[in-house]
Amino acid sequence: MAYKDLQEFAADLEKRGLLKRIKTEVDPELEITEITDRISKKYGPALLFENVKGSEFPLLINTFGTYERMSMSLGVEKLDDIAEDVTAMVDIFSAKKLMDKLKSIPMITQLAGFPPKKVKKAPCQEVVADPDLSKLPILKCWPLDGGKFITLPLVFSKDPETGERNCGMYRLQVFDEKTTGMHWHMHKDGASNFSKHKRRGDRMEVAVALGGDPATIYSSTAPLPKNLYELVFAGFLRKAAVEEVKCKTVDLYVPAHAEFILEGYVDPQEETRIEGPFGDHTGYYSLADQYPVFHVTCITHKKNAVYPATIVGKPPMEDCYLAKATERIFLPLLKMIIPEVLDMNLPLEGVFHSCAIVSIKKTFPGQARKVINALWGLGQMMFTKTIIVVDEKVDPQDLSTVMWKVFNNVDPNRDLMIVDGPLDALDHASPLPNYGGKLGIDATVKGPSEGHFREWPQDIEMDEIVKELVNRKWEEYGLE
């Protein structure tokens, strides 16, 4: 099911008992965060706060905060169902025989059939309001935050040289009623567009959508190649084109069914401002730093708009499930590039960029090292601080077994790789920002071809006949 917008998704969640309405007045400064954090740690429901202090707009949060809700948001029963579609796409483009390619034409047509659809009228422009951010129920999430932050924004910009459009999710600290920070890291496409505008010496038009259909919100977080527009990918996920409308005051198109649109600009000639600190998804405060200023010149919204928000902090939290969707959806592409990879886990405790666990089908010596280096060479995988490689019989999702293998299979002199390279901007442990040490761990079984001439012990396993006997004989005791 392709949801039209965020409110339709919320209505479906409520019908299934997965959303709770809160009528009691709540404060957007810290109180909503404390409530939501407790709920998210208990894998609780989405929350719709109908009475937010200081604002007429209700606030929706924790919308994607379980595997079930994340899967629902993308119209599938489980996230691996999308991976199957991606696998089919990979198979199409890797087909070698002419007949295989001809058979694939219907699928190719389907994949190419979901570019955004332009419309002239849109719900997101039902009300044209003054550019006054104080009317929105914007959160101050944590005590040491530098201020209030818009935490679920879809930021739209264009490459001034190619015209390619981009949608990314970059937090916005509110400075006053008409300005915010624009927190894009140097590696992000939005920052690349900004740099090009800076070299040209012209203003950069920006539009920020709050809300939209769930697939579009997710797509803004996905690690897509620069030439694949996020709204095209959202159309693929939802099997229906995303409707978009031209902004009122800037030459950009935005999702027609968003709740709010903030239109404005960033001036590269303007001095940057201190943004932060911010309680981030690492579970630590990211430090204050200099970032460009976004000037809001127009706000439009639905007549019955709902303000979407999220909070981040110590996992598990809502953003963990968005990252898990990325893990499952992009695994087939990873396997196409590194075919020995069987499965991958980005554990919640690793907050996406600090740890990746992969299982491989090992056929030659040094293969784990080859895989580790290949992963570090792939897009945003370059930020992964620790990569653990295990054998094909080990389930990367089973952290207990993975740690058992790491603690017992690894010889530190032989099996650890430490290299220098780029790190995520939020990594606070490295001596330098954006650059530092990374660790590869080969936890696979070793043999003489890798210098291990001792006999490698076998895992302790019960005989299959005895297992079946116990299954039959002791079923009533729950031992099957």
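Reader: Which residues of helix H2 are buried?
Author: This is a predicted model. In helix H2, residues 31-41, the buried ones are Ile32, Thr33, Thr36, Asp37 and Ser40.

Reader: How do the buried residues of H2 fall, seen down the axis?
Author: They fall within an arc of 125 degrees, so they line one face of the helix.

Reader: What covers the buried residues of H2?
Author: The cover includes strand S2 (46-49) and strand S3 (59-61).

Reader: And just after H2, which residue takes a positive phi?
Author: Tyr43 does, at about 55 degrees.

Reader: Switching to H9. Why is H9 called largely enclosed?
Author: Helix H9 spans residues 230-238, and eight of its nine residues are buried, so the rest of the structure largely encloses it.

Reader: Which ones are buried in H9?
Author: Glu230, Leu231, Phe233, Ala234, Gly235, Phe236, Leu237 and Arg238.

Reader: New topic, Lys78. Where is it found?
Author: Lys78 sits in the loop between helix H3 (67-73) and helix H4 (80-94).

Reader: Why does Lys78 count as partly exposed?
Author: Its relative accessibility is 44%.

Reader: What does the side chain of Lys78 make a polar contact with?
Author: The side chain of Asp81, at 2.8 Å.

Reader: How many Å apart are Lys78 and Thr36 in space?
Author: They are 24 Å apart, C-alpha to C-alpha. In sequence, Lys78 and Thr36 are 42 residues apart. Thr36 is one of the buried residues of H2.

Reader: Now pockets. How much space lies in the second largest pocket?
Author: About 620 Å³.

Reader: How many residues line the second largest pocket, and which lie nearest its centre?
Author: The lining has 29 residues. Nearest the centre are Asp289, Tyr291, Ala425, Pro433 and Asn434.

Reader: Which elements give two or more residues to that lining?
Author: Helix H7 (189-200), strand S17 (285-286) and strand S18 (289-291).

Reader: Which gives the most to the lining of the second largest pocket?
Author: H7, with four residues.

Reader: What is the lining of the second largest pocket by class?
Author: It has 14 nonpolar, 10 polar and five charged residues.

Note on methods. Residues are numbered from 1 along each chain as its sequence is written. This is a predicted model: local features need pLDDT of at least 70, side-chain atom pairs count only at pLDDT 80 or more; totals for chains, interfaces and linings use all residues. Side-chain values use heavy atoms; hydrogens and water are left out. On a 1 Å grid over the protein atoms alone, a cavity is a set of points where a 1.4 Å probe fits but cannot get out, and a pocket is an open set with protein on both sides within 12 Å along at least five of seven lines; lining residues have an atom within 4 Å of a point. Grid points are joined across faces, edges and corners, and a volume is the space filled by probe spheres set on the points. Ala, Val, Leu, Ile, Met, Phe, Trp, Tyr, Cys and Pro count as nonpolar, Asp, Glu, Lys and Arg as charged, and the others, Gly among them, as polar. Buried means under 20% relative accessible area, exposed over 50%, partly exposed in between (1.4 Å probe, protein chains only). A polar contact is a pair of N or O atoms within 3.5 Å; within protein, one must be able to donate a hydrogen and the other to accept it, and residues adjacent in sequence count only if both atoms are side-chain atoms. The arc is that of the directions from the helix axis to the C-beta atoms. Contact means heavy atoms within 4.5 Å.
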